[in-house]
Amino acid sequence: MTTLLLGGLGLGLSLLVPEVLARARWTARAPGPSVVLWQAVTLASVLSAVGVVLVAPEELVRALDTGPDVEAWVLVGALAVAGLIVARLVWSTAGVLLRSQRRRARHADLVDLLGRAETGALQHPGGAPLRVLDGPLPLAYCLPGRAPRVVLSGAALQALTAEQVQAVLTHEQAHLRARHDLVLESFTAVYQAVPRPLRSRVPLESVSLLLEMVADDAARARCGPAPLASALCAMSTDGDLSTHNLSTHDLGPAGRAARRHDRTPQDDRRRRVGRLQRPATAEGSLRASVLALAVAVLVLPTAFVVAPWLAQALASLPPLPGW
Ligand SMILES: [Zn+2]
C-alpha cells in the first residue's frame with residue numbers, strides 16, 4: 001500500500017504538479033517563495049522515488065513471508081538501488097557545477113580581455129566589476145562565480161538612458177548576490193539525473209522565469225518599475241537580461257530546442273514587462289501561504305506515508321538476541 005502511495009505521489013510530483021504549478025498565475029505575485037515551493041516539489045519527488053525503491057521490496061517479501069534470510073538480501077538490494085539513485089544525483093550535480101564553473105571562467109577571461117573595465121558612476125559600490133563589450137546588440141548579463149562580472153554591451157549603453165542602465169545593473173547584481181545560478185544548476189542537475197520518460201524541463205524553465213522576477217523586484221525596489229520595464233522592451237533581442245543563457249547549456253541540444261516550442265524568451269519578457277506595469281502590492285499573506293505549502297509538500301508525505309510504514313516495518317522485525 002505504501003509503495004502505491006509513494007509511487008503515485010512521486011509520479012504526481014514529477015509530472016502532474018509541475019504542469020499545474022507552471023500554469024499558475026499567482027506564482028508571479030510571490031516569485032521568491034514560489035521558487036522555494038518548486039524546490040520542495042522537486043525534492044519531495046526525489047524522496048518519493050527513493051522511498052519506492054526502499055519500501056516496495058520490503059512490502060513484497062513481507063506479503064510473501066519468505067523468511068529472514070531473503071528479507072535481509074532484499075533489504076541490501078533495495079539499499080544499493082537507493083544508493084545508486086542518490087549517487088547519480090550527486091554525480092549529475094557535480095558535473096553541472098564543474099562544467100558551469102569552467103565555462104564561466106573561460107567567458108570571464110574573454111570578457112576581461114575584450115571588454116573595458118567600467119569604474120565610473122555605473123559601477124555599483126560593493127557590486128561585481130562591470131565590463132563593457134563593443135557590439136551591435138543591446139546585451140546585459142551576469143557571470144556568477146568566484147570572480148563575478150556584470151557585462152553590458154556598448155549598444156546597450158547607447159540604447160538605454162542612465163536610469164534604465166541603473167535598473168538593468170541592479171537586476172544583474174541581484175542575480176549575483178542571491179546566487180541564482182546555483183538554484184538553476186540544482187534544477188539542471190535533477191533534470192539530467194532523472195530517466196528520460198520521467199524527465200521534465202518545466203521546473204527548470206519555470207524557476208528560471210521566477211528568478212528573473214525576483215531580480216526584477218530588486219530593480220523595481222531601487223529604481224522604480226518604469227526604467228526596467230522600458231529597458232526590457234528596448235533590449236528585446238535574443239541576448240537579453242536573462243540567466244537562461246547560463247542554464248540551458250546543460251540541457252543538451254534536444255532540451256534547448258524543446259523549450260522554444262511552447263515558451264519563448266519573448267513570451268517570458270512580455271510577462272515580466274506586464275508584471276512591472278501593474279502596481280506592486282504587498283502580498284505578505286500569499287508569500288506566507290506559499291512557504292507553508294512548500295513545508296507541507298515535504299513534511300506531510302513523510303508524516304502520513306513513510307512514518308506509519310517505518311513503524312510497521314520496525315515492529316515486524318524479529319527481536320535481536322540479547323535485547
Ligand atoms: Zn536576469
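Q: In which hand does H1 pass H7?
A: In this predicted model, local features need pLDDT of at least 70 and side-chain atom pairs count only at pLDDT 80 or more, while totals for chains, interfaces and linings use all residues. Residues are numbered from 1 along each chain as its sequence is written. Helices (H or I, at least four residues) and strands (E, at least two) are DSSP runs, numbered from the N terminus. A crossing is left-handed if the near helix is turned anticlockwise from the far one by less than a right angle, and right-handed if clockwise; that of H1 with H7 is left-handed.

Q: How many nonpolar residues does the contact of H1 with H7 have?
A: Pro18, Glu19, Leu21 and Ala22 of H1 meet Val202, Pro203 and Ser206 of H7, contact requiring C-beta atoms, placed from the backbone, within 7 Å. By class (Ala, Val, Leu, Ile, Met, Phe, Trp, Tyr, Cys and Pro nonpolar; Asp, Glu, Lys and Arg charged; the others, Gly among them, polar), the contact of H1 with H7 has one charged residue, one polar and, as nonpolar, five.

Q: How are H1 and H2 oriented to each other?
A: H1 and H2 (residues 31-64) pack at about 160 degrees, with their axes 7 Å apart. The two helices, H1 and H2, are therefore roughly antiparallel.

Q: What span is expected for H3 at 1.5 Å a residue?
A: The expected span is 1.5 Å times one less than the number of residues, and H3 (residues 68-114) has 47 residues. From its first C-alpha to its last, H3 reaches 68 Å, which is close to the expected 69 Å.

Q: Is arginine 179 buried, exposed or partly exposed?
A: Arginine 179 lies in the loop between H5 (162-177) and H6 (180-193), and its phi is near 50 degrees, a positive value in a residue other than glycine. A residue is buried if 20 or more other C-beta atoms lie within 10 Å of its own, exposed if 12 or fewer, and partly exposed in between. With 13 C-beta neighbours inside 10 Å, arginine 179 counts as partly exposed.

Conventions
Two residues are in contact if their C-beta atoms, placed from the backbone, lie within 7 Å. Axes are lines fitted to C-alpha atoms, for helices over the stretch in contact, and angles run from 0 to 180 degrees between N-to-C directions. Angles under 35 degrees count as roughly parallel, over 145 as roughly antiparallel, 65 to 115 as roughly perpendicular and the rest as oblique.
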